[in-house]
Amino acid sequence: MSFPEDSASCEEGLIRKPLLPPKGKDMARTSFRDDSASSEEGLIRKPLLHTGSWYRMGSRQSSNSMMESSPQILRESISIYLCVLIVALGSIQFGFTLGYTNPTQSDIMDDLVLSISEFSIFGSLANVGAMVGAIASGQISEYIGRKGMLMIASIPNISGWLAISFARDTSFLYMGRLMEGFGVGIISYVVPVYIAEISPQNMRGVLGSINNLCLTVGTMLAYLLGLFTPWRVLAILGMLPCTILIPGLFFIPESPRWLAKMGNFEDFETSLQVLRGFDTDISLEVNEIKRSVGSSSKKATIRFSELKRKRYYYPLLIGIGLLTLQQLSGINGVLFYSSNIFKSAGVSSSKAATFGLGAIQVIVTAIVASLVDRAGRRVLLIMSSSLMTVSSFLVAIAFYLKDLTPESWHPALGILSLVGLVVLVMAFGLGLGSIPWIIMSEILPVNIKSLGGSVATLANWLTSWIVTMTANLLLTWSKGGTFIVYAVMSASTIVFVRLWVPETKGRTLEEIQRSFR
């Protein structure tokens, strides 16, 4: 690993041979130094979009004294946490999109004179757009990188919110929802993959949980702002996360594993060194990642016939299964229409109760983030699904009893359903909210990650569309029956996890993927 030596000897090399052009084997080393030399002129060898070369200029124009005096400052200012928090702005956008329909339903229906079925179409169109985004995200991100894909995702998100804010009929309303869904579909795949690829093995669970934490923050913000903000203004506010994300992407490095897969080993080592700290020995991790990607070229693809091999079909089926069961639990139906559910249960301040639900989800998700790398993925998934099963049955019982008991019982049954919904949301945040995305980003082999990740994300959004589209109709048919269906799906998740999902805690991505061979 020659990175520290190059940085240290940069100034000496430039003074000794200021005018000599690079020759032969010295080409790579000399061009490496030239980046440092041109930093004062603002010139960069690689596009900012790919490598975030601003940090290369800052890190390499220094001498030995700088490297000795400020490694801690560099670690703090260019840390892995900063990278995760910047890309997690996309997750906030994701959550805001999910939460937008909840507090705005009655206002949009009144202003634009929509029926319940027309508003249900509006809510579900985000899922349709996300399915298209999911299909595109995996393959395209393999060619332009994770950062480039997030840049692309931000544009339709911003445009979609603008279209909704100026809507005068269903055409602009539907078009805007479809566009923001497309952007969110890309974000839902790229953000967890980027986080998994930059994270050390002992922090991958914690950092991966930040993705879902920011998603719940975005949902809660939509609930909170929706209490006192008109729906058009709320749509304008929905643009902010992606508007901040675009410039933020220029301040973080590209995924080192993607750079290695593309054969760009110099930038790969630079990116990894920045993420781990400039005084950290990364030679072992470099060698392991190089071994992992060495067997496949940067344009390697697999034939469908090869998916019959266990190393490919097994992790793919696990990823698809977890992300599908996550949505079949009915959580998006509950979150999209919780205000109406609370109103049906007899809760007077339904919007305030919905905001409380979002706040609880944020708190639970924040607590769980510290447990993922301690308790393990499987344990949290089983606990989460078990509690969701019980709480869904509790809500179903409350609604059934409301139809069979005198009106004097209704306040108590309203409290029972409120408790059930709170436990349901808390249980979802305990594991089923974030861990399926973490596991999907961990288990897929590098040469099917784009295809497999796109298929798994597509399955998630397709199921989410079905749940969102049918939630209002099911609740109209039978509120108790709806939650019985959700309870059965949560119980199925327990069986699936116990039988087929492996534990990935404390293992490198390369170790996890080798275990399926």
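**Figure 1. Tyr-100 and Trp-161, two buried aromatic residues.** In this predicted model, both Tyr-100 and Trp-161 are buried. The structure holds eight aromatic pairs. Tyr-100 and Trp-161 form an aromatic pair with an edge-to-face arrangement, at 5.1 Å centre to centre and 75° between the planes. Tyr-100 belongs to helix α7 (residues 80-112) and Trp-161 to helix α8 (residues 116-165), so the pair ties together parts that are 61 residues apart in sequence. Together with Phe-96, Tyr-100 and Trp-161 make up one aromatic cluster.

**Figure 2. The tilted aromatic pair of Phe-496 and Trp-500.** The ring centres of Phe-496 and Trp-500 lie 5.5 Å apart, and the angle between the planes is 55°. An angle over 60 degrees would count as edge-to-face and one under 30 as stacked, so this pair is classed as tilted. Phe-496 and Trp-500 are four residues apart in helix α25 (residues 479-500), and are therefore separated by about one helical turn. Residues three or four places apart in an α-helix point the same way, because the helix has 3.6 residues a turn. Phe-496 counts as buried because its relative accessibility is 15%, under the 20% cut-off. Trp-500 has a relative accessible area of 42% and is partly exposed.

**Figure 3. Charged ends over aromatic rings.** The charged end of Arg-177 sits over the ring of Phe-122, at 5.3 Å from the ring centre. In a second case, the charged end of Lys-310 sits over the ring of Tyr-314, 5.4 Å from the centre of that ring.

**Figure 4. Ser-441 in helix α23.** Helix α23 spans residues 435-443 and includes Ser-441. With a relative accessible area of 2%, Ser-441 is buried. Leaving aside residues up to four places away in sequence, Ser-441 touches Pro-192, Val-193, Ala-196, Lys-449 and Leu-509. The helix as a whole is mostly covered, with nine of its nine residues buried; among them are Trp-437, Met-440 and Glu-442.

Figure 5. The protein chain has 26 helices and zero strands. Of its 517 residues, 58% count as buried. The accessible surface comes to about 20,500 Å², and 67% of this belongs to carbon and sulfur atoms. Among contacts between residues at least 6 apart in sequence, 82% join residues at least 24 apart. The average pLDDT is 80, and 80% of the residues score at least 70. Over residues 1-77 pLDDT stays under 50; the model has 97 contacts beyond four places in sequence for this segment.

Definitions and conventions
Residues are numbered from 1 along each chain as its sequence is written. This is a predicted model: local features need pLDDT of at least 70, side-chain atom pairs count only at pLDDT 80 or more; totals for chains, interfaces and linings use all residues. Side-chain values use heavy atoms; hydrogens and water are left out. Helices (H or I, at least four residues) and strands (E, at least two) are DSSP runs, numbered from the N terminus. Buried means under 20% relative accessible area, exposed over 50%, partly exposed in between (1.4 Å probe, protein chains only). Contact means heavy atoms within 4.5 Å. Accessible areas come from the Shrake-Rupley method with a 1.4 Å probe; for residues, only the protein chains shown count as cover. pLDDT is the predictor's confidence in each residue, from 0 to 100. Rings of Phe, Tyr and Trp (its six-membered ring) pair if their centres lie within 6.5 Å; planes under 30 degrees apart count as stacked, over 60 as edge-to-face and the rest as tilted. A charge sits over a ring if NZ of Lys or CZ of Arg is within 6 Å of the ring centre and within 35 degrees of the ring normal.
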